[in-house]
Amino acid sequence: MDWLQSLRLAAPELLFTIAGLAILLVSAWANGKTAARLANWAVVAVLAAGAALTAPVLFSGAKGPETLAFGGLFAADAFAAAAKLLIYAAAGASLLVAPAFFERFRAMRAEYPVLVLFAVLGMSMMVSATNLLTLYIGLELNSLAAYVLAAFLKTDDRSAEAGLKYFVLGSLASGILLFGMSLTYGFTGTTDFAGIAAAFKDGLPAGAAFALVFVLAGLAFKISAVPFHMWTPDVYEGAPTPVTTFFASAPKVAALALTMIVTLKAFGTQAPAWQPIVIFAALASVFWGALGAIGQTNIKRLLAYSSINNVGFLLIGLATATPAGASAMLIYLAIYVAMTIGGFVAVLMLKDSDGNPVENIADFAGLSRERKVLAASLAVVMFSLAGIPPLLGFWGKLVVFQAAVQAGMFWVAVLGVLGSVVGAFYYLKVVKVMYFDEPAGKALGKSDWVHQAILALCVLFLSPLGYLVVKCLTALSDLAVAALMTAA
């Protein structure tokens, strides 16, 4: 094993490890608001440095044996790089909007950005996993940090409840996943993805089907796909909003990328065995997310159901088991991150004149007459989530449905379109309240420039101007999928 080569390939992860430990040690002696803000900016800078180290891997389309490190346990290929860049961007945005929220509760501490950094480290390991052991270590490193983040606001009972629910249900899901992994090892004699694919090349034994089901069930919890979605609305509502912003974006990217790796790489030779499971989860998530959101009065719970709904559309791309479907999934994932960050940043900007969060949708009434730019920005995000042209959210759904039709899954695409139509109702409801109801006079609080800048970037990307980068986004997605399929 060439240790220097392995360390070079894992440079972003090593950077995060060293930086996280250093910031943690420094912050132990430097308490206070200033130290917390400095730690926050330091972690953002570290994430930017990690992105700079990762971007060349994607642009070069790195793939094959030369991307493997630590005896084949870790892969720094173009697919992993694409997922990492989305994770770093989402985590960075979530950190930038956090201080203004936590300082109002006098809860901004240096531990927050450090926990986010260690969660990102776990996610980086997840998307670079080529072995069940690497997968599980990365998953648990991310999860352990996430449990603490959900309960970070100690003065809020909802936050404590969210952390406890996430911990209990997350532990159950981890147990299910670990049981599936142990069954897989029992049937194949290996934990390596390539070895698992080779062992199942000639067919999937009946007992091994149980292993596949348990592994997919554990991953379905992490991506909040139906029927393992039950934690999502409660945790999203109860967790501090910057934490919810993080949960809805970065870990979602990591978990979906990991699901792609497990299905297309480890079980890639047995696609007919897992396709029905993924199709069921996709369509159930599309319709359950859409129908569940209709009766919601809290904007964070509505966005939680929207997340479930969007996971369904993403899984339609995976269900095709084709390179075109995987590429469409990555394109949609990039657009989804922008929509999610934009939506939750807008929610953070919705506060009363005393700085208290305004989360009840009825309190948005007449927002277009009181805060025109914010209302217009939130409307763009809602229309994009609904998939209404010419916004970029429409393109994300279109490429996924095209991939399904090309794979001969016409009926899946049709049901996906119907689910999208149902889902449009609750997005339009938010716009209707902002533009056609009498002003409630509640969301009058001012926002800082960081929130405004991030929201503006998201809105510009989701606007018709976003189509200028579609060609580049498609090319990068194709490079990433080529690396994934080559590794398989």
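Just past H10, Ser 224 adopts a positive phi of about 55°. The model is a predicted one, in which local features need pLDDT of at least 70, side-chain atom pairs count only at pLDDT 80 or more, and totals for chains, interfaces and linings use all residues. Residues are numbered from 1 along each chain as its sequence is written, and side-chain values use heavy atoms, with hydrogens and water left out.

H10 itself covers residues 206-222, and its 17 residues reach 26 Å from the first C-alpha to the last, close to the 24 Å expected at 1.5 Å a residue (the expected span being 1.5 Å times one less than the number of residues). Helices here are DSSP runs (H or I, at least four residues), numbered from the N terminus. Among the buried residues of H10 are Ala 208, Ala 211 and Leu 212, as well as Phe 221 and Lys 222; buried means under 20% relative accessible area with a 1.4 Å probe, protein chains only. The cover over the buried part of H10 includes H7, H8, H13 and H14.

As for H13, its axis lies 9 Å from that of H10, at a packing angle of about 160°. Axes are lines fitted to C-alpha atoms over the stretch in contact, and angles run from 0 to 180 degrees between N-to-C directions. The two helices are therefore roughly antiparallel (angles over 145 degrees). On the H10 side, the contact (heavy atoms within 4.5 Å) is made by Val 215, Leu 216, Leu 219 and Lys 222, and on the H13 side by Ala 255, Leu 258, Thr 259, Val 262 and Thr 263.

Technical notes: Buried < 20%, exposed > 50% of the residue type's maximum accessible area, 1.4 Å probe, protein only. Parallel < 35°, antiparallel > 145°, perpendicular 65-115°, else oblique.
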